[in-house]
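Reader: Hello! Could you walk me through this structure, starting with the terms you use?

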Amino acid sequence: MLRHRARAPRRGPRGRAPREMLRADARAPGHHAHPRQPWRKGRAPPALRRLARLGRRGEAAGLRARAAAAAGAGTQGAERAGSHAARGTACNGAASDGSAGTNTAGSAVRASRKNGRQAPPGHLQDRGMSVITIEQAGSYDGQEVTLQGWLYNLRESGKLLFPIFRDGTGIMQGVCAQKEQPEAFAALRGLTQESSVIVTGKIRAEKRAPGGYEIGVTKLEVVQRVSESDPYPIQLKEHGVDFLLDRRHLWIRTPRQAAILRIRAEAVRAARQFMDGQGYTLTDAPIFTPAACEGTTSLFEVQYIDEEKAYLTQSGQLYVEATAMALGKVYTFGPTFRAEKSKTRRHLTEFWMLEPEAAFADLGDMMELGEGLVSHVVQSVLKNRVRELETLKRDTAKLASVQAPFPRISYDEAIEILQKSGNPAKYGDDFGGDEETILSSQYDRPVIVHRYPAAIKAFYMQPDPLRPDLALGFDMLAPEGYGEIIGGGQRIHDYDLLVRRLKEHNLPEEPFQWYLDLRRYGSVPHAGFGLGLERTVAWICGTEHIREVIPFPRMIYRVYP
RNA sequence: UGGGGCGUGGUCCAACCGGUAGGACACCUCACUGUUAAUGAGGAUGGUGAAGGUUCGAAUCCUUCCGCCCCAGCCA
């Protein structure tokens, strides 16, 4: 059994976050803010002040009883129905092309229940053919379809209701008039925010509707009604970061957060696609490691079986060097852990890293691979996640220019640029946030800084043969102040030199014996780098803090929920 | 670990030099057939992070503690 030893004090649920305000569903104010600190927070737009009236009481006791009955019927199976619905969405969406509109799911469900018909094997109910996602709605104009999702908001205007539904793929406005659809109207009136629903109606283009389409609701089934006495806690208005982080499991339902997570997924997909296309093989590194990879940084210690201690990996690099010697061109993609007490908008204690490594590769190869990878990821998101970037109100012009090749400057040149702009940096210093921001603000795409002094880099960095005091390493700095998204370079392949460097860095040799083996048996020049997923996604999304781009951020003093 | 900032109803904020803790939103009721965080009218809840101290009187001043945010270091 494992026990997590490194523990961060659990923060109280009532902690407050007075200064930094986010609208639960607002875009982070920021990209056009101060260039030195583009993430600088601001206030939520003052125009966004009012919340829709949700959770009103039903108009009649009969209605409420009916709603309760509907909810009750679904209560036992509510959870199962939920996951079931999620599964159904994908396959039905695909299946429904071409046959949509012939048989609505809603009516099929009711018909099957009324007739006592058996659900098909593996399904709880017969859903018919036209259950679609909101994302697909545009191609169903004029057809009757069924949506499965949640009530995001409800606006009332007399005998007209404007519910807004969300299903994870987007949000869509519905319309329901009492005169025309008395039953659906009654079911919808007073329905509470985030109640789960199955909606049937006709899709139509409508200029006044957000997104350009709306659904004329003809049937509404409440899967589970959120209680008025315990309403959904996240309002459509500003909240403190702390409040939202305590409810991260609910916060991710808001369109902005969902859009970010979908962009993250696209970034991962594109990154792997690119690496695979370049002939790199995925070879994952272990999470438990016997010792530090780079020595200095603090590690999470775990008890590993009996008395033995192990650590959560802070980098897969050493291992990926081994698999590179086995397979040639490889990469890892997985979580890494840093127990440092970094409390900035660029740090997490648990984050994901993609680490390529190639035998017979040098610094130049890796700089080229890095810029190709980053360009491809950015361009893929730009192409395949238009809607999500729109939701985030991201300035896509700033992403469009992200095309390889990227500018490359040496450390020496970087120091010059810094000094010219009045920064006190002197030769031999490593760069902090300020320096990175000054450098990256000179360009419209990420900038590569290479050949740092060996003294400020990791022990395994190959020295520059022309100037041995320099390391053949490079960093890639994202624009707009998002900092270092890639760090890497050429590794030492000479056994004696590596042993010497271990000594210089006061590292013990025993834990590195296997690593030294790579230099004993057929050592070759090789290089690689690590790409920080969250920093990359934060930059692409333009979020003010890295914690928004991972479903459940782990930070110092935050391991809940 | 340093430096800075901050803790007030469920949420987000006010409260001048120390003088009866208030508003908006959320919630409830009513009106409204094209709303866009709908709007308008009405209603009921409910709070100064904790412990000391100064004072006739403390959200406000002092001390300690707790918690959070930002920045730096380290890094992706």
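Author: Helices (H or I, at least four residues) and strands (E, at least two) are DSSP runs, numbered from the N terminus. This is a predicted model, where local features need pLDDT of at least 70, side-chain atom pairs count only at pLDDT 80 or more, and totals for chains, interfaces and linings use all residues. Residues are numbered from 1 along each chain as its sequence is written, with chains lettered from A and ligands numbered from 1 in the order in which they are written.

Reader: How many helices and strands are there in chain A?

Author: Counting those DSSP runs gives the totals for chain A. They are 16 helices and 19 strands.

Reader: Which residues of helix α12 are buried, and why do they lie on the same side?

Author: Buried means that 20 or more other C-beta atoms lie within 10 Å of a residue's own, exposed 12 or fewer, and partly exposed in between, with C-beta atoms placed from the backbone. In α12 (residues 411-420), Y411, A414 and I415 are buried. They share a side of α12 because they cover an arc of only 100 degrees around the axis, taken from the directions from the helix axis to the C-beta atoms.

Reader: Is P453 buried or partly exposed, and which residues is P453 in contact with?

Author: P453 sits in the loop between β16 and β17 (473-478). With 17 C-beta neighbours inside 10 Å, P453 counts as partly exposed. Contact means C-beta atoms, placed from the backbone, within 7 Å. Leaving aside neighbours within four places in sequence, P453 is in contact with Y411, G428, D469 and L470.

Methods: Two residues are in contact if their C-beta atoms, placed from the backbone, lie within 7 Å.
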